[in-house]
Amino acid sequence: MYLNEKIMKFNRSLSFDGELPENITVMNPFEKEGIVTKIAGQFYRKYYHDSLPRKVILGINPGRLGAGATGVPFTDTVRLNEVCEIPVKDFHSNEPSAVFMYKMIERYGGAKAFYGDYYINSICPLGFLIRNHRGNNVNCNYYDDPLLLASSRPFMLKSLMQQMDWGLDNKSVIILGKKNASYFKKINDEQRIFQNIEVLDHPRFIVQYKRKKMNDYIDIYLEKLMA
């Protein structure tokens with residue numbers, strides 16, 4: 001079985017049955033066989049139709065406009081259409097984190113080179129939505145609520161171990177987000193999934209708060225990724 005087939009089999013199997021706080025719901029883009037599954041299937045077949053090992057990058061959990069919409073971490077429909085040449089006409093999404101990631105990927109050598117070296121997912125492969133004071137559902141991180149953090153931990157660990165069974169490189173992992181890394185280190189200290197952890201600022205943080213220094217952050221990313 002090629003890596004793309006393992007990834008999509010894993011995605012289709014995702015199910016969260018942990019206890020949830022009252023105002024938080026699970027966001028599972030693969031819950032139904034539909035447009036998201038089709039898009040993700042095309043993406044992974046294009047870049048992962050082989051059995052080569054990849055280094056690992058882990059974000060927090062899928063967001064509404066990135067993996068929550070397309071099934072591909074840090075990738076919106078704009079980047080799918082313009083960079084990956086995977087046409088998406090049914091809907092439109094523009095994710096701030098994808099802006100940074102694909103500028104970085106371009107300087108890395110392009111999508112084929114980058115995805116040939118790296119596999120990206122999130123520590124928690126399913127997303128969460130929380131209802132805000134206006135009654136709108138917005139992104140929620142797995143560590144934003146103590147109950148959610150406790151109930152998602154077994155799911156996160158099981159999911160990570162399943163993915164590592166594919167033969168991914170366990171020498172080092174790059175964690176996106178300092179707070180994300182602090183929680184992951186506790187898991188890794190107990191389970192020894194990876195031998196080494198590297199930490200980079202999260203793309204969303206960079207785009208939202210450090211946009212004028214985006215090129216400097218791309219330099220930092222490339223120094224780590226190409227080491």
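In this predicted model, 3 strands form an open sheet whose order is β1-β4-β5, with antiparallel pairing. The edges are taken by β1 (24–27) and β5 (137–140); each has a single partner strand, so one side of each is left without a neighbour in the sheet. Neighbouring strands of this sheet are turned against each other by 40° on average, direction ignored. Between β1 and strand β4 (residues 127–131), the antiparallel pairing extends over 4 bridges. Within the sheet, Ile-24 stands opposite Ile-130 in β4.

A further open sheet contains 4 strands in the order β3-β2-β6-β7, and here the pairing is parallel. Its edge strands are β3 (118–122) and β7 (196–200), each of which pairs on one side only. The twist from one strand to the next averages 25°. Strands pair through backbone hydrogen bonds, in either a parallel or an antiparallel arrangement. Strand β2 (residues 55–59) runs parallel to β3 and is joined to that strand by 5 bridges; Ile-57 stands opposite Ile-120 in β3.

Helix α10 (residues 214–225) touches β2, β3, β6 and β7, and its direction makes about 165° with that of β7. Helix α8 lies across β2, β6 (172–176) and β7, and runs at about 170° to β7.

For Phe-43, once its neighbours within four places in sequence are left aside, the residues in contact are Tyr-48, Val-72, Leu-80, Cys-84, Ile-86, Tyr-102 and Tyr-115.

The remaining feature is the largest pocket, which has a volume of about 700 Å³. Its lining comprises 28 residues, of which Ile-60, Ser-97, Asn-141, His-202 and Arg-204 lie nearest its centre. At least two residues of this lining are supplied by each of β5, α8 (178–191) and α9 (203–209). Helix α9 gives the most, with 4 residues.

Key. Residues are numbered from 1 along each chain as its sequence is written. This is a predicted model: local features need pLDDT of at least 70, side-chain atom pairs count only at pLDDT 80 or more; totals for chains, interfaces and linings use all residues. Side-chain values use heavy atoms; hydrogens and water are left out. Two strands pair if DSSP finds at least two bridges between them. Axes are lines fitted to C-alpha atoms, for helices over the stretch in contact, and angles run from 0 to 180 degrees between N-to-C directions. Contact means heavy atoms within 4.5 Å. On a 1 Å grid over the protein atoms alone, a cavity is a set of points where a 1.4 Å probe fits but cannot get out, and a pocket is an open set with protein on both sides within 12 Å along at least five of seven lines; lining residues have an atom within 4 Å of a point. Grid points are joined across faces, edges and corners, and a volume is the space filled by probe spheres set on the points.
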